[in-house]
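Student: Could you walk me through this structure while I have it open? I would like to start with the overall layout and then move on to the ligand.
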Amino acid sequence: MYPSRFAYEAPTSIDEAIALLDAGGGEAKVLSGGQSLIPMLKLRFASPATIVDINNIPDLDYHRVDAEGNLHIGALCRHVDLEQSTTLADTHPTLAAAAELVADPIVRSRGTFVGSVCHADPQGDWAATMVAQGGYIVAQGPNGRRKIDIREFVLGPFVTALAYNEVAVEAVIPGAKGTPRGSYLKLERRVGDFATASVAVSLDMDGDVVRRAGCALAGVGGRTIDANDAISCLEGKTLTEDSIDQASDAVAAVAEPRTDHRGSDAYKRHIVQTFVKRILTNLARTEQKAA
Amino acid sequence: MTSLYDEVQTPTEGVPTRRITVVVNGEKRTVDVEPRLLLAHLLRQGLQLTGTHIGCDTTSCGACTVLFDGRPVKSCTMLAVQADGHEVETVEGMASASELHPVQEGFKQEHGLQCGYCTPGMMLTSKALLERNPNPTEDDVRWALSGNLCRCTGYQNIVKSVLWAAEKMRAEQGEDA
Ligand SMILES: Cc1cc2nc3c(=O)[nH]c(=O)nc-3n(C[C@H](O)[C@H](O)[C@H](O)COP(=O)(O)OP(=O)(O)OC[C@H]3O[C@@H](n4cnc5c(N)ncnc54)[C@H](O)[C@@H]3O)c2cc1C
Ligand code: FES
Ligand code: FES
């Protein structure tokens, strides 16, 4: 299978990339990890006139935590960089748990965190982890940089708030105000499959009290499901059987699953409820052990 | 029959090509390519390195795996132009003139292959794993190979082959130390 013809550009700076996108007038596309875009080019679901390959722009492969505890993930930080990170589990456990569940190990060598969020697949794992924690995408265009809140970034399936002449240069995810706790659970039929259903939970703990609770779902709706309001019933409480049951029921209620080859809607909703409960119960156990 | 490679690579008026230099198995290769040429086809047809197999052509099976700057990638899902200035290792680069790579030896010793279609990809992914983690558990091996599909072996012997290679490489390291 072959992509249709395109002009190929390999800029070595962000400014140059933006100029090329701008000149392309909507017919140019950014290529980062290529693990969604190249398959689409080969299937001719996409046939841009120009490909702007950003892989030659230096110093975009970082992930680091700043003085305020915010995690910055550069546009060329690959899934595998996060999977092998030695610091991520301590500061952002939800992301660390998701890292090894995104696609398969070979795809993880190339695919990028930012590219995945830009792809805006309703089944994308990274967007769910970000919605659960909040944060923003830094977009750079001809008029400079702007921050786009993650909840306003993904507009629908495969549609984002980026303008045609903007590059997403980094993702910024806040750190916990208290002790960071969280996890990501995903049901997949086999390795490398997209989620049948998955759940991201992220908590800021103050001792054994939940200060902030965040949650988002993938695979159970036409977009990443924002379940932050649903799980907020945990805030100010400790993790008990009652509060956990209440939260898992509330989250399951906001899923919008549809019956397909991966399972029925009722089954997927049940998975969501089970996963929320499992994550919270495990976290409660860790808290007890720590106490 | 003209291959896809010929179709893409036949000089056509008005279709620009790019000159790229790729280090393939330690050797600098300079070629002119149309931007949409896939890395897998550059290797197989352009450079006649047919050890890299194409299975699914849809980024699912891992048969086309090569090492790109040391990391396993699916060569059916990279453009050849993207390899400009980078290092690519294919199965042809694994053995030295006189000796098989320990991973190759392991696949031989432990019967890690049947039809051999998945084998180049399996071995390259394994090589990358052992360079990063010389002492993997069985779980580590299964996890690392989970993107490489095999339709024949049932994986048991593949896992044994990699563990065999790990042991051999550790022993060799010990001798060197
Ligand atoms: C077999 C297989 C299984 C997979 N399984 C999963 C899975 O289980 N879960 C999951 O979440 N994903 C999965 N993926 C997708 C994978 O995670 C991709 O890496 C990801 O969706 C896209 O990231 P990328 O860097 O490869 O982006 P690309 O493919 O390069 O780009 C994707 C899109 O985003 C745009 N874009 C990329 N980067 C930028 C940027 N910096 N600025 C502006 N626009 C940009 C591109 O123009 C394109 O439209 C799978 C892919 C494959 C091939
Ligand atoms: S041929 Fe490339 S992944 Fe199957
Ligand atoms: S040996 Fe036949 S596919 Fe693996």
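Student: Which domains is chain A divided into?
Tutor: This is a predicted model, and in it chain A is divided into domain 1 (7-54), domain 2 (63-173) and domain 3 (179-290).

Student: How far apart do the C-alpha centres of domain 1 and domain 2 of chain A lie?
Tutor: Those centres in chain A lie 19 Å apart, and the contact takes 14 residues from domain 1 of chain A and 18 residues from domain 2 of chain A.

Student: And what area is buried between domain 1 and domain 2 of chain A?
Tutor: About 1300 Å² is buried between these two domains of chain A, with carbon and sulfur atoms giving 69% of that area. On the domain 1 side, Ile18(A), Gln35(A) and Ile54(A) supply 36% of the area buried against domain 2 of chain A, more than any other three residues.

Student: Switching topic, where does ligand 1 lie?
Tutor: Ligand 1 lies between chains A and B, and 31 residues surround ligand 1, the closest being Val30(A), Leu37(A), Thr112(A), Asp125(A) and Lys186(A).

Student: Which atom of Val30(A) lies 2.6 Å from an oxygen atom of ligand 1?
Tutor: For Val30(A) it is a backbone N or O atom, whereas Ser36(A) has a side-chain N or O atom 2.7 Å from an oxygen atom of ligand 1, and Thr112(A) likewise has a side-chain N or O atom 2.7 Å from an oxygen atom of ligand 1.

Conventions:
Residues numbered from 1 in each chain as written. Chains lettered and ligands numbered in written order. Predicted model: local features only at pLDDT ≥ 70, side-chain atom pairs only at ≥ 80, totals over all residues. Heavy atoms only, no water. Domains from an automatic or database assignment. Contact = heavy atoms within 4.5 Å. Buried area = accessible area lost by both parts, 1.4 Å probe. Near = heavy atom within 4 Å. Polar contact = N/O pair within 3.5 Å; in protein donor to acceptor, adjacent residues only side chain to side chain.
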